[in-house]
Amino acid sequence: MLYRGKEKKCRKKSFQILIALVLMIVLLFTGCSKSSSEKNDGGESGEALQEVNEIPEDGIITKEQFKTVAGKDMEVSFTGETEDGISYIWTYQASMIQNPEDQNLKIDFSKENLDDIKKQANDAKDALKLTMYGGGVIAVPTLTVVLPEQWESDTGLLLKEQGGKLARLSDVTIDNQEEEKTTLVMSVTTLEGDSYIVGGVAGTQNKGASAANQNNGTSGQTGNNGTTGNNGTNGSNGNDTASNQQNSNDDDVENDVKTGQSTHTCTISISCASILNNMDKLASGKEEFVPADGLILAPSTIEFEEGESVHDVLKRVCKEAGIHMESTYTPAYNSAYVEGINQLYEYDCGELSGWMYNVNGWFPNYGCSQYTVSDGDVIQWVYTCDLGEDVGDNSSH
């Protein structure tokens, strides 16, 4: 009986050990599943994004993190603050993020040695230098900067030096109503290098715009009609059409009142002006397809249907205007790729040449058939001979 008692006790102990082992395995499996789930939510390089997030010390929000919100109907904000009390907030519309990539959102600010910038910007009253450390944006974010001081200015511009001149990137809304505080709000199309916010007083100076050159250059998008692809480019040009667009929109408002019908309009242009400086590279027999001023289609305001893409608009406009256009669908990028316009194809003017597109000064990093047109958009297609650098494309990562 004593032996059997010991045997029973041993069996009980063995059973308890077995149960403990099973529990350990279950806990281990649960932990692994949770870890895997966390990786799926936030990726290996960070946690899943919330509506409001702090900018990390290195400034980088990872591709994996952006994947957790890409395409969702929500705003995602990132907050930062400098040692001297300047705070800033980046706000992205997650629905516009189609092709997530790393974004470095760190900004260094400086108020020193800006007299020359102020002078170039039509003797601007206020100026602030922003230094950023990224590249192109995956969607155009809104940047809000709050200064611990009060500016005299009530209107401003975001500028960048290009070719020794100041080029306009976007307007800046200035709120200086709160004592000892100024809030600056703007759209940002590049996270690369130095840019400047200049301010003036409405009615006494032109926000520095006359010296800012109105950014008459062009801009674009590389690779399969997207900035992160390969083989070919797609893009667009300039800001001179803004006033024409506004006049057209004013006319449309009158028509809407009379007819009771709402219309959607956008502006589109097509330029191959970059070829004019590279005629020696142009394929033989293509000279006749290059207009003297490089303008294949002057900025034109057109109506479009809700839900149409940049590719849809280009295709229809070219058909109506009798302009040759050829595109193919690329499964790898789930998008149409524009190969040629007006008989000018990719590689016709060198191995880095092709078509690029730009919308409102931004070079989307995804294909033209994935970009849905919005009311008032300015769509510009340009031909590049140098993978976008010759037409102002600063969106490369």
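User: Why is T190 called buried?

Analyst: The model is a predicted one. T190 has a relative accessible area of 2%, and buried means under 20%, so T190 is classed as buried. The residue lies in strand β12, which covers residues 190-200.

User: What makes the approach of the T190 side chain to the backbone nitrogen of E192 a polar contact?

Analyst: The side chain of T190 reaches that nitrogen at 3.2 Å. The limit for a polar contact is 3.5 Å, so the distance falls within it.

User: Is T183 buried or partly exposed, and what value decides it?

Analyst: T183 has 21% relative accessibility. Buried requires under 20% and exposed over 50%, so T183 counts as partly exposed. T183 is found in strand β11.

User: Which class does N104 fall into, and what does its side chain contact?

Analyst: At 15% relative accessibility, N104 is under the 20% limit and therefore counts as buried. N104 has its place in strand β5, residues 103-104. A polar atom of the N104 side chain lies 3.2 Å from the backbone nitrogen of K106.

User: What makes the charged end of K106 one that sits over the ring of Y133?

Analyst: The charged end of K106 is 5.9 Å from the centre of the Y133 ring, and the distance limit is 6 Å. The charged end is accordingly described as sitting over that ring.

User: In what order do the strands of the open sheet run, and which strands stand at its edges?

Analyst: The sheet is formed by 10 strands in the order β1-β3-β4-β8-β11-β10-β9-β12-β7-β6, with mixed pairing. β1 (52-54) and β6 (107-110) each have a single partner strand, so one side of each is without a neighbour in the sheet. Neighbouring strands are turned against each other by 25° on average, with direction ignored.

User: How do you know that β8 and β11 pair, and in which sense?

Analyst: Six bridges connect β8 (residues 142-147) with β11 (residues 182-187), where pairing requires at least two. The sense is antiparallel. Within this pair, T142 stands opposite S187.

User: How many disulfides does the structure hold, and why are C272 and C385 in none?

Analyst: The structure holds zero disulfides. For C272, the nearest cysteine sulfur is that of C385, 8.9 Å away. For C385, the nearest is that of C349, 3.5 Å away. C272 is buried at a relative accessible area of 0%, and C385 counts as buried at 5%.

User: Why is the pair of F66 and Y92 called tilted?

Analyst: The ring centres of F66 and Y92 are 5.5 Å apart and the planes stand at 55°. Planes under 30 degrees apart count as stacked and over 60 as edge-to-face, so this pair is tilted. F66 lies in helix α2 (residues 63-67) and Y92 in strand β4 (residues 87-93), so the pair ties together parts 26 residues apart in sequence. F66 is buried at 0% relative accessibility, and Y92 is buried with a relative accessible area of 0%.

User: What makes the pair of W362 and Y366 edge-to-face?

Analyst: The angle between the planes is 70°, and over 60 counts as edge-to-face. The centres are 6.2 Å apart, where the limit for a pair is 6.5 Å. Both W362 and Y366 are buried. Ring pairs also link Y357, W362, Y366, Y371 and W381 into a cluster. A search of the whole structure finds 10 aromatic pairs.

User: Why is strand β21 described as largely enclosed?

Analyst: Seven of the seven residues of β21 (residues 378-384) are buried, so the strand is largely enclosed by the rest of the structure. V378, Q380, V382 and T384 point one way, while I379, W381 and Y383 point the other way.

User: Which strands are joined to β21, and in what sense?

Analyst: Strand β15 (residues 265-271) runs parallel to β21 and is joined to it by five bridges, with T267 opposite V378. Strand β20 (residues 354-359) runs antiparallel to β21 and is joined to it by six bridges, with W355 opposite Y383.

Definitions and conventions. Residues numbered from 1 in each chain as written. Predicted model: local features only at pLDDT ≥ 70, side-chain atom pairs only at ≥ 80, totals over all residues. Heavy atoms only, no water. Helix = DSSP H or I, 4+ residues; strand = E, 2+ residues; numbered from the N terminus. Axes fitted to C-alpha atoms, helices over the stretch in contact; angles between N-to-C directions. Buried < 20%, exposed > 50% of the residue type's maximum accessible area, 1.4 Å probe, protein only. Polar contact = N/O pair within 3.5 Å; in protein donor to acceptor, adjacent residues only side chain to side chain. Disulfide = S-S within 2.5 Å. Phe/Tyr/Trp six-rings, centres within 6.5 Å; stacked < 30°, edge-to-face > 60°. Lys NZ or Arg CZ within 6 Å of the ring centre and 35° of its normal.
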